[in-house]
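Student: I would like a close look at a single part of this model. Please keep it brisk.

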Amino acid sequence: MDYTVIIGLEVHVQLQTRTKLFCGCSTRFNPDHPNTQTCPVCLGLPGALPVLNREAFHLGMKTGLAINCEIPSFTKWDRKQYYYPDLPKAYQISQYDLPMSQNGWLEIEIDPETRETKKVGIIRAHLEEDAGKNSHDESGRGQDSKVDLNRCGTPLIEIVSEPDLRSAQEARKYLEELKLLLTYIDVSDCNMQEGSLRCDANVNLHIHQEDGKTIPTPIVEVKNLNSFRGVEQAIEFEVKRQWETWQESGLSLHDVPKETRGWDADRGITLEQRGKEEAADYRYFPDPDLAPVTVTDAERERVSGELCERPALRRGRLEKDYQLSVYDAAVIIDQGLAFADYFERVAAGCQNGKQAANWVTQDVLRELKEGGLEISAFSIKPEVLAALLEKVERSEITTKSARTVFQELLKSDQSDPGVESIQSIIEDKGLAMVTDTGDLEAAVQAVVAKNEKAVADFQGGKQAAVGALIGQVMREVKGADPKVVRELLIEKMS
Ligand SMILES: [Zn+2]
């Protein structure tokens, strides 16, 4: 007997508008000043009327199109009723039967070895407003509960996948790819610590029996996962728990109602929360305060035209255009849009994609990480790095000298050192490659004369003996090309 894991994800993403979905309050993350970003609309005071934020709808369309959804011509708003302290209106404005986008997909790579990919279906993506935040005193001393309504009314897009994912690793991969895509198209910062990207996972097992029948276990929704690791661990835990529960109880999908569980990251377990409401429990009905939205073909086309090259396509293009390894292309793309743009400007400028990739993914990335910097704030502009690498390419300086110049550029007082700084550093430090082989040959001659033992070793077949001699020559003649030195040494000793 065996089983298949069935996972569908519901992802809530905060759209990066300045103001809330139906009022002019700020959406800034501001937990230190609770209840300062509210108004009669998002507090749900009597007589207040919501007005749709056009930018939120626009970002919603961008998202829908980027995940290959249809954008219907007509969409409307519905009230989802439930009572909770963080929802003063006692209903959430959402979309029920006519979402603003549907029937899409997102492609993920499921095997880095074979590069096998998989299209994960997307049932729908709809807009809705966020609720506030409750916090409870869990010290055990008091019973102090607080409500912060700053978040109330913040625009969210909820992206609901088909149950197409088959493992915790696939679910993580899907989330990572989705996050990357949404930051590329600039609809959300997807900051998981601040709650800009949250995920609920629907998990169950299809148990294959010896007679060929398949029995589905009850579906469990694990709520509010806010890290990639949390998603992966919670699903792994659920798979194990459901398998054990099934073996004990034998209860299948239709024997029990859908269950909601919460992920306790500290203990690494899911805990039962409540029976899951069905749609009927929410008594959805169209919101009478808001006009439906119609979308024309021209608008769809315009928004479609605003989308940049998607990360998956760009990854493939970098491999092809610059002969990059799969790994290098992935590292570059994963750093985000601005970083990928930086790389392409360096690669185009020095006309050696592989070398540009080495520098950008190692030297530049290390500096950014150490300094806690974004690429936009990096002091060496892509044109300057390209000019430096071109000098290596033309054998004007060695790679080692280029690293010295790179460090000098970083130390430069100028916030934005230009291409001309490279030449002056090379001159100041005497880094120019020695092309006059006269000097070099004299130095090689002298070193060979001084090192009888090494020469004998080499002549006896010890190739490694050359290494020590190269170092000695390089100390004599600064800026010599080590490749040339090696050749000259071998020539002299052979
Ligand atoms: Zn408001």
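Student: Leaving aside its neighbours within four places in sequence, which residues is Leu106 in contact with?

Tutor: This is a predicted model, in which local features need pLDDT of at least 70, side-chain atom pairs count only at pLDDT 80 or more, and totals for chains, interfaces and linings use all residues. Residues are numbered from 1 along each chain as its sequence is written, and side-chain values use heavy atoms, with hydrogens and water left out.

Start with Leu106. Leu106 is in contact with Lys118, Lys119, Val120, Ile122, Tyr174, Glu177, Leu178 and Leu181, its neighbours within four places in sequence left aside. Contact here means heavy atoms within 4.5 Å. Leu106 lies in strand β5, residues 101-111. Strands are DSSP runs of E, at least two residues; helices are runs of H or I, at least four residues; both are numbered from the N terminus. Leu106 has a relative accessible area of 7%, so it is buried. The cut-offs are under 20% for buried, over 50% for exposed, and partly exposed in between, with a 1.4 Å probe and protein chains only. From Leu106 to Glu441, the C-alpha atoms are 61 Å apart in space, and the two residues are 335 apart in sequence.

Now a sheet elsewhere in the model. Three strands form an open sheet in the order β4-β3-β15, paired antiparallel. β4 (91-94) and β15 (285-286) are the edge strands, each pairing on one side only. Strands pair if DSSP finds at least two bridges between them. Strand β3 (residues 78-81) is joined to β15 by two bridges. Arg79 stands opposite Phe285 of β15.

Next, backbone angles. Arg283, in the loop between β14 (269-275) and β15, has a positive phi of about 45° although it is not a glycine. Arg283 is exposed, at 56% relative accessibility. Asn35 is not a glycine either, yet has a positive phi of about 60°. Asn35 sits in the loop between β1 (2-14) and α1 (40-43). Its relative accessible area is 36%, so Asn35 is partly exposed.

Last, a helix pair. Helix α9 (residues 353-371) packs on helix α11 (residues 399-411) at an angle of about 30°, with the axes 12 Å apart. α9 is therefore roughly parallel to α11, a term for angles under 35 degrees. Trp359, Asp363, Val364 and Glu367 of α9 make the contact with residues of α11, including Phe406 and Leu410.

Conventions:
Axes fitted to C-alpha atoms, helices over the stretch in contact; angles between N-to-C directions. Parallel < 35°, antiparallel > 145°, perpendicular 65-115°, else oblique.
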